[in-house]
Amino acid sequence: MSSRETSYAHMLVTAAGTAGSRVLGLFRDQLTAGFFGTGAVASAFILAFQIPNLFRRLLGEGALTSALMPAMTQERARGGDARAFRFLNQVITRTAPWMFALTFAFAAAAVGVALLPEETLARLAEFFGAGTDADRHRLAAWLTALCMPYMPMICIAALFTAALNMLGRFTVTALSAIWLNLSMIFALGVLGWHFGETPQERVVWLCAGALFGGALQLCVPAAALYRSGWRPRVDFATTESWDELKALFLPALVGAGVHQLNIFATRALAFFLEDRALAVYYFANRVVEIPVGIFTVTITTVVFPLLARHAAEKRTRELGATFSYGMRLILAINVPATFGIIVLAQPLVRGFFQHGNFSAGDTALTVPVLCVFALAVPFYAVSGIVGRAFAALKDTRTQMRVGVATFALNLVLAPVLGWHFKACGLAAANLAAAAFQCAALLFVLRRRERVFFADPVAEPLAKVVLASLVMAVATAAAWEGATRLCAGFAWGLLGAFFIVVPAAVALYFLCLKLLRFPECDELLDIFLRKLLKRKKS
C-alpha cells in the first residue's frame with residue numbers, strides 16, 4: 001500500500017471516530033437544549049465548561065501538541081520509540097504541575113466569586129453591562145469550579161494522543177471524544193432526569209458527567225500507549241529537543257490558540273450581553289463544528305505527522321505535495337459545507353434543537369447566526385492546515401504575530417457589533433477575524449516557502465466552488481418538494497433530510513467527477529482496488 005493510500009486509510013478511520021463523536025456531541029447538545037433551552041442555566045454551563053476547554057485547546061490540542069509533534073518525531077528518528085517515550089515522560093513531568101496549579105487557581109477564584117455577597121455580585125454584573133442578575137453569575141462561578149478538574153486530565157490525554165498519532169495509531173485517538181459525550185449524555189439524560197428535580201440540580205449532573213468522561217479520555221489512550229511500550233516515569237532530564245520545545249511553545253501558544261481565544265472572549269462577551277445570547281451563539285456554532293470537526297480535524301490529524309516527517313528529513317518536494325494534497329481535501333469538504341448549511345439553516349436548527357424548552361423563537365434567533373458562522377467555515381479550515389505547516393517547519397513565531405493581530409481585530413469588532421446585533425454581530429466579528437487570519441497566514445507562507453504552492457490549488461478550488469453552487473441551487477429546489485412530500489408523516493422533517501441531503505452529496509461528487517477534481521478520481525480508484533482485492537480473496 002502506498003503512502004497516499006495509507007493516508008486515506010488513516011483518514012477514514014479518524015473520520016469515522018470523529019464523526020461518531022460529533023454525532024454524539026450533537027445529541028448531547030440536543031439534550032442540553034431540551035432541558036435548559038437558551039436561558040440562564042444553559043448559558044452558565046456553557047461559559048463554565050468553556051474555561052477548561054479553552055486550556056484543553058490551547059495546551060492539549062493547540063500549542064503544546066503542535067510544538068511536541070515535531071520534537072517527538074525528531075527524538076524517534078534519533079533513537080526509536082524508547083527515546084520518543086522518554087521525551088514524552090519529560091514533557092509530562094514538567095508540564096503536569098503547572099496544569100494542576102492552574103486548575104487550583106481558577107477553581108479557587110471561581111469559588112471566591114460565587115461566595116461574594118449578593119449586593120457585591122450584582123454591582124459587578126452591572127459594571128460589566130450584564131444587568132443585576134446575580135444568580136446567573138453565581139451559578140456560572142460554581143459550575144466553573146466544578147468543571148476545572150477536567151482541564152489537566154484532558155491536556156495530559158492530548159499528549160498521549162499525540163504520541164499515538166506519531167506511532168500511526170489513529171483509532172484510539174479518533175474515539176477519544178466519544179467517551180466524553182457518552183458520559184455527559186448518560187449523566188444528564190439518565191441521572192439528571194431521575195435524580196435532579198430542578199434545572200440547577202440537573203446541570204450539576206451534567207458537570208459530573210464531563211469529569212467522568214475526562215477521566216476516560218485520559219485512561220484509554222494511556223492504556224493503548226502502555227501496550228505500545230511506553231512506561232510512565234518521572235524524568236526531569238533535559239535534552240536538545242526539550243530546549244527546542246520550550247522555544248517553540250510560547251509562540252505556538254499565541255499563534256495556534258488565537259482562534260480559541262477569540263471564541264472564548266466572544267462567548268464571555270455574549271454571556272454578559274443578555275441571558276440568551278451565549279446559548280444562541282453556542283448552538284449555532286455547534287452546527288458549524290460538524291464539518292469542521294469531522295473533516296478538518298481528520299485531515300489535519302493525518303497530514304500533520306507527514307508534514308513533520310518530511311520537514312525533519314528535508315524532503316521539500318514531498319512536503320509541498322502533502323500540503324497541497326491536504327488543502328485540496330479540506331476545500332473540497334468545507335466549501336460545499338458552507339453552501340449546504342446556508343441553504344438548510346432553518347431546517348437544521350429546527351430539526352436539531354427545537355424541542356422541549358428550545359422554542360420556535362429560539363430557532364428564529366439562531367438561524368441568522370448559523371448563516372454567518374457558515375461563511376467562516378473555509379477560513380477556519382484553511383488556517384488549521386496552514387498552521388500545521390508552520391508547526392512542521394518549527395516556525396511558531398509567524399502564527400504568534402498573526403494571532404496577536406487577529407485577536408486584536410476581534411476584540412475591536414466584537415463589542416461594537418455585539419452591542420448592535422447581539423449574537424449575530426459577535427459571529428460577524430469572528431468571521432472577519434477568521435478571514436484576516438487565513439489571508440495573513442497564506443501570504444506569509446507563500447513568501448517564505450513557495451514549495452507549498454508548487455502543486456495546483458486555485459484550479460481545484462474553482463471546481464469545488466462551481467460544484468458547490470450547483471449543489472446549493474439543486475438543494476434549495478429539492479427541499480421544497482421533499483418537505484411537501486413528507487408533510488403528512490410524523491417524522492416529515494427527518495424524512496426530507498434523508499431524501500435531500502444524500503441526493504445533494506451525490507450530486508456534488510458527480511459534479512466533481514465531471515469536472516475532474518484530482519482527489520475524486522483517486523478516492524474512487526482506491527475504493528475500487530480495495531473492493532476488487534476483497535472479491536479476489
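**Figure 1. Contacts along the whole chain.** Of the contacts (heavy atoms within 4.5 Å) between residues at least 6 apart in sequence, 83% join residues at least 24 apart. The structure is a predicted model, in which local features need pLDDT of at least 70 and side-chain atom pairs count only at pLDDT 80 or more, while totals for chains, interfaces and linings use all residues. Residues are numbered from 1 along each chain as its sequence is written, and side-chain values use heavy atoms, with hydrogens and water left out. The chain holds 18 helices and zero strands; both are DSSP runs numbered from the N terminus, helices being H or I of at least four residues and strands E of at least two. Of the 537 residues, 53% are buried, where buried means under 20% relative accessible area, exposed over 50%, and partly exposed in between (1.4 Å probe, protein chains only).

**Figure 2. The largest nonpolar core.** A nonpolar core is a set of buried Ala, Val, Leu, Ile, Met, Phe, Trp, Tyr and Cys residues joined through side-chain atoms within 4.5 Å. The largest one has 73 residues, and Leu 88, Leu 225 and Phe 323 touch the most other members. The greatest contribution to this core, 16 residues, comes from helix α2 (residues 40–114). Leaving aside residues up to four places away in sequence, Leu 88 touches Met 72, Leu 159, Phe 160, Ala 163, Leu 225 and Trp 230. Apart from this core lies another, of 72 residues, including Val 41, Leu 211, Ala 270 and Val 500.

Figure 3. The structure contains 17 aromatic pairs. Rings of Phe, Tyr and Trp (its six-membered ring) pair if their centres lie within 6.5 Å; planes under 30 degrees apart count as stacked, over 60 as edge-to-face and the rest as tilted. Phe 271 and Phe 272 form an edge-to-face pair, 5.6 Å centre to centre with 80° between the planes. Phe 271 counts as buried because its relative accessibility is 1%, whereas Phe 272, at 24%, counts as partly exposed. Arg 136 lies over the face of Phe 271, at 4.5 Å from the ring centre; a charge sits over a ring if NZ of Lys or CZ of Arg is within 6 Å of the ring centre and within 35 degrees of the ring normal.

**Figure 4. A cluster of aromatic rings.** Ring pairs link Tyr 282, Phe 283, Phe 352, Phe 353 and Phe 358 into a cluster. Phe 353 and Phe 358 are both buried.

**Figure 5. A charge over a ring.** The charged end of Arg 446 sits over the ring of Phe 453, 5.4 Å from its centre.
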